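Good morning, colleagues. I would ask you to look at the model on the screen while I go through its folding pattern, its cores and its confidence values.

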Amino acid sequence: MRCPSCGVENQESLKLCGKCGSQLVTPARRAAVVRARDAWIAKLIDLSRRNKLLFFRDLKTGTMDLSQCDPKVLDGLLQGESVTLSSLLPHADEVSTSARANEIRKTALANLEERGLATLFITCGFATWPAKDGGRPAESPVILAPVAMEKRGREGRGLTLRLVGELQINPVLLFSLEREHGLRMTPEALLEAKGAAGDEPLIDPTVVYARLQKNGAGVNGFRVSPRSVLGNFAYQKMAMVKDLQDNLDQLAMHDLVAAIAGDPGARGTLRSAGSGESPREPLHRLIDSGTKEAVEQRMWRCGDG
Ligand SMILES: [Zn+2]
C-alpha cells in the first residue's frame, strides 16, 4: 500500500506507514471515500438552470446590464479607481439607473448582514455553449470583480463603485467545463499577467477572454462575448468543493470521514475509540443510527477536527 503522506510502499498488513507513521488507506477505503466525496460535491454544486453563475438571465431589477458603459471608466474601476455610476453609464437615464442600482445595493447589504456573504460583483464576459439536453444554453459569467457601491452627495443620490478585492474567474464556469467537457483550466493561468515578470495583477479582461476562447476551441459552439453586468452572485460553496477536490488523501485518512463514507474499518476504529465519556460519542450514535445527513452537516462545521 502506498503511503498517502510520503509515497513509500508498505506491506498490505500494516496500518501505519513504516517510514513516516502516517495512517495507511486501503484501496477499498479510498474508493468509498471517493464515492462519498463525489456525492457531496454533487450536492454542494447546482449545475441546473437555477444557477445564475452558469445560466445567467437579466432580471428586471436585480441585475444591471453594462454593455453601454464607458469602457475607459470600467477599465479604471477594474484597476482600482473609484468611479461614479453616472460616469460608468453616461448615456443612461440617471433616475431609473440609480433606482435600479439602489435595489441591487440593498440586496447586497441584506446578504452581507443576514448571511455574512459578499455577493456584489461586476461580471466581465460571458461564456456560452450549447446544452446537451438541447435546452437553454449556458450563459456563464467569466470574470467576477468584487465591488462596493456607496451613496455619495448631499442627498445620497449619487452612487460610486469601487473594486474591493482581486478579480476572480467564475469557479462554477471552470467546474462545469471540466465536468461536461473535460476542459481543465486554472484561474491562475487565465488571470496571469501578460508576459508576466512579477506579480502585477491582470487588468485587461480581453486577454482572459482570448485565453478562454482558445482553451474552449474544442467545444462545439463555445463562444466568449465581452458583455459586463452588475448584480449579486453567491458561490461561497465552491470553496468547499475545491477543498473536497484537493484533499482526497486527507479525507481518506480521516477516520470520521471514512466512517461516514461507509468504510467498515474506520467505523470499527471509531466505535472502539468512542466508549465512555469520549466527546466523539454522539457522532457514533449518529453514524450507527444512520442519519448520514446530520453527520455530514456536523462534519462541515467541525472542519478537520
Ligand atoms: Zn509514509
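Let me begin with a definition: a residue is called buried if 20 or more other C-beta atoms lie within 10 Å of its own, exposed if 12 or fewer do, and partly exposed in between, with C-beta atoms placed from the backbone. This is a predicted model, in which local features need a pLDDT of at least 70 and side-chain atom pairs count only at pLDDT 80 or more, while totals for chains, interfaces and linings use all residues. Residues are numbered from 1 along each chain as its sequence is written.

I turn to the overall picture. The chain has 305 residues, and buried residues make up 30% of them. There are 13 helices and 7 strands; these are DSSP runs, numbered from the N terminus, with H or I over at least four residues for helices and E over at least two for strands. Two residues are in contact if their C-beta atoms, placed from the backbone, lie within 7 Å. Among contacts between residues at least 6 apart in sequence, 57% join residues at least 24 apart.

Next, the strands, where two strands pair if DSSP finds at least two bridges between them. Strand β7 (residues 223–232) is joined to β1 (residues 63–65) by 3 bridges, and the two run antiparallel; within this pairing, aspartate 65 has valine 229 as its bridge partner.

What is found at the centre of the largest nonpolar core? A nonpolar core is a set of buried Ala, Val, Leu, Ile, Met, Phe, Trp, Tyr and Cys residues joined through C-beta atoms within 7 Å. The largest one has 49 residues, and Leu88, Val142, Ile143 and Ala145 have the most contacts inside it. Strand β3 (residues 120–129) gives the most to this core, with 7 residues. Leaving aside neighbours within four places in sequence, isoleucine 143 touches Thr123, Cys124, Gly125, Leu167, Ile169, Pro205 and Val208.

In α7 (residues 205–215), Pro205, Val208, Tyr209 and Leu212 are buried. Seen down the helix axis, these buried residues fall within an arc of 100°, taken from the directions from the axis to the C-beta atoms, so they line one face. They pack against β3, β4 (138–152), α6 (187–191) and β7. The face turned away from the buried side carries the exposed residues Thr206, Ala210 and Lys214.

A second, separate core of 19 residues includes Cys17, Ala259, Ile260 and Ala266. Cysteine 17 lies in the segment before α1 (27–44). Why is cysteine 17 counted as buried? Cysteine 17 qualifies because it has 20 C-beta neighbours inside 10 Å.

Finally, confidence. pLDDT is the predictor's confidence in each residue, from 0 to 100; its mean over the chain is 85, and 85% of residues reach 70 or more. Over residues 276–281 the pLDDT is below 50, and this stretch has 5 contacts beyond near neighbours in sequence. Residues 301–305 also stay under 50, with 0 contacts beyond four places in sequence. Where pLDDT is low, the predicted coordinates should not be read in detail.
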